[in-house]
Amino acid sequence: MNLLYALDLLGTAAFAASGALVGVRRQMDLFGVLVLGLVTAIGGGTLRDLLLGAIPPFSLQDETYLYISIGVALLTFVGHRRIEELAHPLLYLDAVGLATFVVIGTEKAMAFGSGFLGAVTLGVMTATAGGVLRDVLSNQVPLILQREIYASACFAGAALLYLLKLLHWPRPLAVLLAAALVIGLRLLAIRHNWALPRAGQPESSPQQD
Amino acid sequence: MNLLYALDLLGTAAFAASGALVGVRRQMDLFGVLVLGLVTAIGGGTLRDLLLGAIPPFSLQDETYLYISIGVALLTFVGHRRIEELAHPLLYLDAVGLATFVVIGTEKAMAFGSGFLGAVTLGVMTATAGGVLRDVLSNQVPLILQREIYASACFAGAALLYLLKLLHWPRPLAVLLAAALVIGLRLLAIRHNWALPRAGQPESSPQQD
Amino acid sequence: MNLLYALDLLGTAAFAASGALVGVRRQMDLFGVLVLGLVTAIGGGTLRDLLLGAIPPFSLQDETYLYISIGVALLTFVGHRRIEELAHPLLYLDAVGLATFVVIGTEKAMAFGSGFLGAVTLGVMTATAGGVLRDVLSNQVPLILQREIYASACFAGAALLYLLKLLHWPRPLAVLLAAALVIGLRLLAIRHNWALPRAGQPESSPQQD
């Protein structure tokens, strides 16, 4: 499925750009920007592969991912003003990357024998752990733990994919529906500013510094 | 040794509740609370298994751990007011979990061929790394690095277990004594507010925010 | 190559001392100081081994590293005033450790089949990831992401080593030249206060607290 590989590289580039931008905004130096771009782009899948025992992880087996991540982070460092202007289109690429990472992660976990909750957890982790690492390295509480429905879109897509494959739906259709669900929920969440509930909080909006 | 498995699940539940509570207190959303609960409960053992090469880690091999961690975190999210009231009894469950994790971690490392310092390090890590990850994700200096004798209780138990097994004591007795040592030290530390020394500090009590 | 092993142990000791000092300065308790020393000294190589699938990692296969790291951290805890006075000579030991870690990491990655970018990334990671973990555990933005040319020296050494080995230069010469490049760049950077560029920043000098 070469389309999935192409989308994976596209998502890697989008994630690398968003990670590198965080580094630029936090006034990191060149090395810091490269590290944040790299970690955001390949951190989730690499952690998944470590947990599955798929060693060496995809990111070391096919160095294309390293070249794209570091190359895009370098371009972002040099041309960050132009990239910032692309923030809106980047959101769409980011949603495509998110869906691709969820699909790839969930399928890989299933191929390694994970059950429902294992496959879904690893699918969500593939798409989100890179951003968590980025925020930890930037010394911030990970954004995704605080006020994004980002993870729920991943969860829904991973669960749908697991169920459709369990029911032996044709793989292209299952993948397509799961990916569409992730992208759809993500874009709706952006448009309508959805957020997950917090425990027993009045609807204030805490500021993150 | 089914008792050890039962205690392990009990400890997992206690750790998941304490991790989820931190997420609630830090005003994370539902996803953040689930992640903190999960990471606190299974993070230490998962890291140990990665280091030992016991892949996939226990938490993916037996998804009971995932269901318990996420289930308890979900309950904590919904009923956190009631769980907060249980904070005191939770401390006892937490001590039991701590002892169980130390015993399991130390024994597993020995089974994989670790020597004294390796087995003790992995035993302590099994019981403590989940809490360290929880605090890193909450953007705090890990509590355990600052003012708890928590880790010393783990160290003592792991060292005792290693020595007793080296001397070929019967396994149930060795496990029981090591677990009792961890629980005893932990409860004494709570009651008497023990803390480890700091380097060259007058006995002030720095506040953590 | 027993010299490389001796230098590796020396570098481990230097890194453990610098990590433990951070713990002392952050007023951690004894356990925190030991953890920071250990993580700084063996974190980078352990992460590299996990990614390469070299399991168990070097630090569990040869417990000498654990004994040195924890022993030096303990000495640092007890005698931190004296160690602080050695801060200047420690910088030289640190540079030697840096070079050794880069060489060992790059060679190990090549032995496991990594290509150029993989080998260089793992070489740099071997030397730098321990310090990143130390800073994350201290709840600080990793110093190396912000204003050090530290990582560039590692990158240059790893890239040179890769190229010389590709060209079939004799191994001792290749290793020596790569190590000399790392040490030379590092000491020059200290002397001349070099730093990497930041994206679009005027040449202010942001303070890190």
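1. Chain A and chain B of this predicted model bury about 2300 Å² between them, and carbon and sulfur atoms account for 67% of that area. Buried area is the accessible area (1.4 Å probe) that two parts lose on being put together, summed over both. Chain A contributes 31 residues to the contact and chain B contributes 28 residues, where contact means heavy atoms within 4.5 Å. L51(A), L117(A) and L145(A) supply 28% of the area that chain A buries against chain B, more than any other three residues.

2. Between chain C and chain A the buried area is likewise given as about 2300 Å², with 67% from carbon and sulfur atoms. Here 31 residues come from chain C and 28 residues from chain A. On the chain C side, L51(C), L117(C) and L145(C) provide 28% of the area buried against chain A, more than any other three residues.

3. Chain A is superposed on chain B by a rotation of 120 degrees with 0.0 Å of shift along the axis (RMSD 0.0 Å). The two copies are thus related as by a three-fold rotation axis. Such superpositions are made by least squares on the C-alpha atoms of residues with pLDDT of at least 70 in both copies. N139(A) is the residue of chain A that comes closest to the rotation axis, at 3.7 Å (C-alpha).

4. A rotation of 120 degrees with 0.0 Å of shift also superposes chain C on chain A (RMSD 0.0 Å). In chain C the C-alpha nearest the axis belongs to N139(C), 3.7 Å from it. Only 10% of the interface residues of chain C are also interface residues in chain A, so the copies meet through different surfaces.

5. Within chain A, helix α2 (residues 30-52) and helix α6 (residues 87-111) pack at an angle of about 5 degrees, with their axes 11 Å apart. That makes α2(A) roughly parallel to α6(A); angles under 35 degrees count as roughly parallel, over 145 as roughly antiparallel, 65 to 115 as roughly perpendicular and the rest as oblique. Axes are lines fitted to C-alpha atoms, for helices over the stretch in contact, and angles run from 0 to 180 degrees between N-to-C directions. Helices (H or I, at least four residues) and strands (E, at least two) are DSSP runs, numbered from the N terminus.

6. The UniProt record (unreviewed entry) places the feature "transmembrane region" at several spans of chain A, including residues 31-52 and 173-189. Residues 31-52 of chain A are 100% helix and 0% strand, with end C-alpha atoms 30 Å apart. Residues 173-189 of chain A are also 100% helix and 0% strand, and their end C-alpha atoms are 24 Å apart. UniProt annotations may be inferred rather than shown by experiment; feature names are shortened and positions follow the numbering used here.

7. Two backbone details deserve a check. The peptide bond from I55(B) to P56(B) is cis, with omega near -5 degrees, and P56(B) is in the loop between α2 (30-52) and α3 (58-61) of chain B. H168(B), in the loop between α8 (150-166) and α9 (171-192) of chain B, has a positive phi near 60 degrees although it is not glycine. Most residues other than glycine have a negative phi, and most peptide bonds are trans.

8. Conventions are as follows. Residues are numbered from 1 along each chain as its sequence is written, and chains are lettered from A and ligands numbered from 1 in the order in which they are written. Local features need pLDDT of at least 70, side-chain atom pairs count only at pLDDT 80 or more, and totals for chains, interfaces and linings use all residues, while side-chain values use heavy atoms, with hydrogens and water left out.
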